[in-house]
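I opened my notebook to get to know a new structure. Here is what I looked up, entry by entry.

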Amino acid sequence: MFTPYYRPRRLRRNENIRRMVQETQLSVNDLIFPLFVVEGKRVKKPIKSMPGQYQLSIDYLVQEVKEVHHLGIPAIILFGIPAIKDAQGKDAMSDEGIIQRAVRAIKEAVPEIYVISDVCFCEYTDHGHCGAVVEGDVDNDATLEMLAKQVLTHARAGVDMVAPSGMMDGMVAAIRKALDENGFEKISIMSYAAKYASAFYGPFREAAESAPQFGDRRSYQMDPANAREALYEVDLDVKEGADIIMVKPALAYLDIIRRVRERINLPVAAYNVSGEFSMVKAAAQMGWLDEKKITLEILTSIKRAGADLILTYSAKDVARWLAEVNS
Ligand code: PBG
């Protein structure tokens, strides 16, 4: 019988030694919880394609944020769904818009929570595109002016960080300039720097009612086949003044997360998007997968790939699960 000299299994023999040699640890500190806010009172509307996730009116949103804070999750990212959508997405640029009022209410009730706002137009426009549409395509530079207006309303409402997700060229620089010129130099920017035109966003578009009414987003979001282009996008956003760089989606893009991690010294965030979440939920409901184990494995893999922060709809469950492990 051949007896091996090297035996890696020695360090897998029991729980203690496995804990001691574990290389990647998921922490509640890594989590950012996305929330959807709608008009009205006492609205808690289930999002069918994302079991356990809701569209919430501001009153319920505030309660939810209290719970999130209580669970030790440091940050939320907010998506607003206005009552009325129009061609320009006016609600997005109004101090009385849905997001702006939601931020003020949260900051008043739970000042400790770190509030990030998604900065984009697709939830606010009747055509569902991420900016001003001119001749059937999103006009880049006109959208930059709109983004500058939008972030100032978020800043005045009290956000800690803005997260532009529209993939417009120059968006980080335009937003940094608008913030700095108006005394908001302390507000940070997390850029959706490498955001792909992905079918994994399907359920989100139901949640945010933001599906494009014509065409698709391939003239601004990236081709899933491209990796070098992601690095080019990331380099530009670092130069333009982003504080955190995001890769999105996460699970099918672990190679991109790894390459970005190795290239830059800023924190890297990854968005475990709606489709990734809903696939797990569906399989778990069928009894085909263990939801807790698979979710923890996926998020640990995203972290192992190089993400410092993870935006995930599972954040509340994960916070509870991690607390169980440690108690
Ligand atoms: C755009 C935005 C999208 C997501 C986050 N911000 C959708 C899109 O680009 O169509 C998707 C998030 C998810 O799928 O969970 N504002």
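**Entry 1: before starting**

I am working with a predicted model. I count residues from 1 along the chain, as its sequence is written.

**Entry 2: H2 and H3**

I began with helix H2, residues 58–70, and helix H3, residues 98–109. Their axes come within 10 Å and cross at roughly 45°. That angle makes H2 oblique to H3. I then looked up the hand of this crossing, and it is right-handed.

Which residues make the contact? From H2 I noted Ile-58, Leu-61, Val-62, Val-65 and Lys-66. From H3 I noted Ile-98, Arg-101, Ala-102, Ala-105, Ile-106 and Ala-109. Sorted by class, the contact of H2 with H3 holds nine nonpolar and two charged residues, with no polar ones.

**Entry 3: H7 and H8**

Next came helix H7, residues 228–240, and its crossing with H8. The axes of H7 and H8 come within 10 Å, at a crossing angle of roughly 40°. H7 and H8 are therefore oblique to each other. H7 passes H8 in a right-handed crossing.

On the H7 side, I found Arg-228, Ala-230, Leu-231, Val-234 and Asp-235 in the contact. On the H8 side, I found Ile-256, Arg-259, Val-260 and Arg-263. The class count for the contact of H7 with H8 is five nonpolar, no polar and four charged residues.

**Entry 4: H9 and H10**

How do H9 and H10 run, roughly parallel or roughly antiparallel? I looked up the angle: the axes of H9 and H10 come within 10 Å and cross at roughly 155°. Angles over 145 degrees count as roughly antiparallel. H9 and H10 are therefore roughly antiparallel to each other. Their crossing is right-handed.

In H9, the residues Val-280, Lys-281 and Ala-284 meet Glu-291, Ile-294, Thr-295 and Ile-298 in H10. I sorted the contact of H9 with H10 into four nonpolar, one polar and two charged residues.

**Entry 5: the second largest cavity**

How many cavities of 30 Å³ or more does the structure hold? There are two.

The second largest cavity contains about 70 Å³ of space. Its lining is made of Asn-272, Glu-276, Phe-277, Val-280, Lys-281, Glu-291, Thr-295, Ile-298, Leu-299 and Ser-314. H9 and helix H10 (291–305) are the elements that give two or more residues to this lining. By class, the lining of the second largest cavity divides into four nonpolar, three polar and three charged residues.

**Entry 6: the largest cavity**

The largest cavity has a volume of about 140 Å³. I counted 20 lining residues, and those nearest its centre are Cys-122, Lys-195, Tyr-201, Phe-204 and Lys-248. Strand S9 (188–195) and helix H6 (202–207) are the elements that give two or more residues to the lining of the largest cavity. This lining has 10 nonpolar, four polar and six charged residues.

**Entry 7: the second largest pocket**

I moved on to an open space, the second largest pocket, with a volume of about 270 Å³. It is lined by 19 residues, and Phe-33, Gly-52, Gln-53, Glu-64 and Lys-316 lie nearest its centre. The elements that give two or more residues to this lining are strand S1 (31–38), strand S3 (54–57), H2, helix H9 (274–285) and helix H11 (315–326). Which element gives the largest share of the lining? S1 does, with four residues. I noted nine nonpolar, three polar and seven charged residues in the lining of the second largest pocket.

Most residues other than glycine have a negative phi, and most peptide bonds are trans.

The peptide bond from Lys-248 to Pro-249 is cis, with omega near -10°. I found Pro-249 in the loop between strand S10 (244–248) and helix H8 (254–263). Lys-248 had already turned up in my notes, among the residues nearest the centre of the largest cavity.

Met-167 is not a glycine, yet it has a positive phi of about 60°. Met-167 sits in the loop between strand S8 (161–164) and helix H5 (171–181).

Methods:
Predicted model: local features only at pLDDT ≥ 70, side-chain atom pairs only at ≥ 80, totals over all residues. Heavy atoms only, no water. Axes fitted to C-alpha atoms, helices over the stretch in contact; angles between N-to-C directions. Parallel < 35°, antiparallel > 145°, perpendicular 65-115°, else oblique. Left-handed = near helix turned anticlockwise from the far one by under 90°. Contact = heavy atoms within 4.5 Å. Nonpolar A, V, L, I, M, F, W, Y, C, P; charged D, E, K, R; others polar. 1 Å grid on protein atoms, 1.4 Å probe; cavity = no way out; pocket = protein on both sides within 12 Å on 5 of 7 lines; lining within 4 Å. Points joined across faces, edges and corners; volume = space filled by probe spheres on them.
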